[in-house]
Amino acid sequence: MRALVQTAPNALEMQEVSEPENNAIRVAFCGICGSDMHAYAGHDPRRPTPIVLGHEVAGWDSDGRPVTVNPLVTCGVCKYCTTGRDNLCPDRQILSMPPRPGGFAEVVSAPKANCVPVLDGIPLEAASLTEPIACGLHAVRLAMNIAPLGEAMVLGGGAIGLGAALSLRAMGADRVTVVEPNTDRAKRLMDLPDVDVLDSPVMADTVIDAVGIDATRTTAFSHVRPGGVIAHIGLGGGNGGFDPRYATLQEITFFGTYTYTADDFRDTAQAIFDGRLPVSDHLEALTETRPLEEGPKAFAELALGQVAAPKVLLQP
Ligand SMILES: [Zn+2]
Ligand SMILES: [Zn+2]
């Protein structure tokens, strides 16, 4: 089969590789994630080359049924897996990290239990957004467990920030504002229902940092209201931007959030199917689809910040 193989930092090429035999899923679309970009740049020692990246897959299972794939594979028996926190399983694996090849290929292998059937009539492009959006939904669920959502602000309008914004809206936040300084990207988000898109921050009870750099953490602490919550989901880097004094005096809760549980993933898929997460209606704004062969160009443009779409999907 054809696969997009990363051969060295910043180098991708189409290669003929052997097709997986077990639990084969024919890939319809696979989204490019920030973590793929991190590996592409050569900054992820967990992903040595040569490697096939990609973990945001929708396609068809061996019976030809449309599915969206939860790329997190967990042990099922540890204390995390048996208490609904399977995303923290110490033995977790993810598609696109050894030993599991990723989805930038014609076929990918994933356990049957990780395949969620896609409802008839739902575009597979929308189904492939389940993974990044589930990250946002998980963050919002954790935040709700701490304090009422109130008025919410999301820093960063990429796919994860968007997923958080749509989840906040679906779960009853009083107001949802996405802060996205890139005007081309901001324009694409303007039509989302009940979501304000601004280029500067507002005061909020719940802040979701979907960027995760010193500057956005600083903004989160300076704009969260007393008693509020900051959910940190971006992996931008650095370790500055904290305001422990303000956090103490005003009882701010700051927490990190990673991926989603198997339940979050299924619930996200369901909410996309029934429209509570209005993704199918806004595919044109949210995604840009390119042939898998053009993957090298797509990665290069993303690395240079030249892509406005919150999500690029590759199509084998
Ligand atoms: Zn992802
Ligand atoms: Zn486990």
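This is a predicted model: local features need pLDDT of at least 70, side-chain atom pairs count only at pLDDT 80 or more; totals for chains, interfaces and linings use all residues.

Reply: A residue is called buried if its relative accessible area is under 20%, exposed if over 50%, and partly exposed in between (1.4 Å probe, protein chains only). Residues are numbered from 1 along each chain as its sequence is written, and chains are lettered from A and ligands numbered from 1 in the order in which they are written.

The zinc ion (ligand 1) is coordinated by Cys33 (SG), His55 (NE2), Glu56 (OE) and Glu131 (OE), at 2.2 to 2.7 Å. Donors here are N, O and S atoms within 2.8 Å of the metal (3.2 Å for Na, K and Ca), and since water is not among the atoms, sites may look incomplete. The four donor atoms around the zinc ion (ligand 1) subtend angles of 85 to 168°, and the arrangement is therefore irregular. Four donors count as tetrahedral if all angles lie between 85 and 135 degrees; four count as square planar and six as octahedral if opposite donors are over 155 degrees apart and all others between 65 and 115; anything else is irregular. Along the chain the donor residues of the zinc ion (ligand 1) are spaced C-x21-H-E-x74-E. Cys33 lies in the loop between strand E3 (24-31) and helix H1 (34-40), and His55 in the loop between H1 and strand E4 (56-60), so the pair ties together parts that are 22 residues apart in sequence. Helices (H or I, at least four residues) and strands (E, at least two) are DSSP runs, numbered from the N terminus.

The structure holds zero disulfides, a disulfide being a pair of cysteine sulfur atoms within 2.5 Å. For Cys30 the nearest cysteine sulfur is that of Cys33, 9.6 Å away.

The loop between H1 and E4 also contains Pro50, and the peptide bond from Thr49 to Pro50 is cis, with omega near -5°. E4 is joined to strand E5 (residues 66-69) by three bridges, and these two strands run antiparallel; two strands pair if DSSP finds at least two bridges between them. Gly59 has Val67 as its bridge partner in E5. E4 and E5 form a hairpin with five residues between them, and Gly64 in the turn has a positive phi of about 85°. E5 in turn is joined by three bridges to strand E9 (residues 115-117), again in the antiparallel sense, and there the bridge partner of Val67 is Pro117.

The zinc ion (ligand 2) is coordinated by Cys75 (SG), Cys78 (SG), Cys81 (SG) and Cys89 (SG), at 2.3 to 2.4 Å. Its four donor atoms subtend angles of 105 to 117°, which makes the arrangement tetrahedral. The spacing of the donors along the chain is C-x2-C-x2-C-x7-C. Cys75 and Cys89 both lie in the loop between strand E6 (72-73) and strand E7 (93-94), so the pair ties together parts that are 14 residues apart in sequence. Cys75 is partly exposed at 31% relative accessibility, whereas Cys89 is buried at 1%. Pro99 is in the loop between E7 and strand E8 (107-109), where the peptide bond from Pro98 to Pro99 is cis, with omega near 10°.

Back towards E3, Pro20 lies in the loop between strand E2 (11-16) and E3, and it is partly exposed, with a relative accessible area of 23%. Although Pro20 and Val107 are 87 residues apart in sequence, they are 7.1 Å apart in space, C-alpha to C-alpha. Leaving aside residues up to four places away in sequence, Pro20 touches Met1, Val107, Val108 and Ser109, where contact means heavy atoms within 4.5 Å.

Note on methods
Side-chain values use heavy atoms; hydrogens and water are left out.
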